[in-house]
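Hi everyone, thanks for coming. I'd like to walk you through one model today, so please have a look at the screen.

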Amino acid sequence: MLIPRQKTPALKVPTLDQGHFDLLTEKSLRGTLVCFYRGLHCPLCATYLKEFQSLVGEFAERGVGTIAISSDGEERTQQMAEKISADGLRLGYNLPLSVARDWG
């Protein structure tokens, strides 16, 4: 579990449409909201991601970057993007389970 003032673990993943994501070099004015989700098989995650996607613009207006990440591969992540009609939500994939554990 991460606690305030504790350094976050490294986080680097490919994304569907925005190249490679690296939290260390992310240039958001007020930080980046990272959402980890289980994957395409999770109906609750799809519902949550639809809601998250609807808020991406509001986060951006406040200088907060956003990304949703799972351990699914590129194909399954693309299927999730289609399932939720992703538009503007950055989706990362291929998160190693060891890194997911580091993040709790």
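Let me start with a question: how many bridges join β4 to β5, and in which sense do the two strands run? There are two bridges between β4 and β5, and the strands run parallel. Before I go further, please keep in mind that this is a predicted model.

So, the sheet. It is an open one of three strands, in the order β3-β4-β5, with parallel pairing. At the edges sit β3 and β5 (91-92), each of which pairs on one side only. As a reminder, strands of a sheet pair through backbone hydrogen bonds, either parallel or antiparallel. Between β3 and β4 the pairing is parallel and spans five bridges. If you want contacts to click on, Phe36 has Ile69 as its bridge partner in β4, and Ala68 stands opposite Leu91 in β5.

Now stay with β4, residues 65-69, for a moment. Is this strand mostly covered or mostly exposed? It is mostly covered, with five of its five residues buried. In a regular strand the side chains alternate between the two faces of the sheet. In β4 both faces are covered: Gly65, Ile67 and Ile69 are buried on one side, and Thr66 and Ala68 are buried on the other.

Next, the rings. How many aromatic pairs does the structure hold? It holds three. One of them joins Phe36 and Trp103: the ring centres are 5.4 Å apart and the planes meet at 50°, so this pair is tilted. The pair links distant parts of the chain, because Phe36 lies in strand β3 (residues 32-36) and Trp103 in the segment after α3 (97-102), 67 residues apart.

Phe52 is buried, at 4% relative accessibility, while Phe59 counts as partly exposed at 25%. Bring in Tyr48 as well, and you have a cluster of Tyr48, Phe52 and Phe59 linked by ring pairs.

Last topic, the cysteines. How many disulfides does the count come to? The count is zero. Take Cys35, which is in no disulfide: the nearest cysteine sulfur belongs to Cys45 and is 7.7 Å away. Compare that distance with the cut-off, which asks for two cysteine sulfur atoms within 2.5 Å. Both of these cysteines are buried, with Cys35 at 6% relative accessibility and Cys45 at 10%.

Technical notes:
Residues numbered from 1 in each chain as written. Predicted model: local features only at pLDDT ≥ 70, side-chain atom pairs only at ≥ 80, totals over all residues. Heavy atoms only, no water. Buried < 20%, exposed > 50% of the residue type's maximum accessible area, 1.4 Å probe, protein only. Phe/Tyr/Trp six-rings, centres within 6.5 Å; stacked < 30°, edge-to-face > 60°. Helix = DSSP H or I, 4+ residues; strand = E, 2+ residues; numbered from the N terminus. Pairing = 2+ DSSP bridges.
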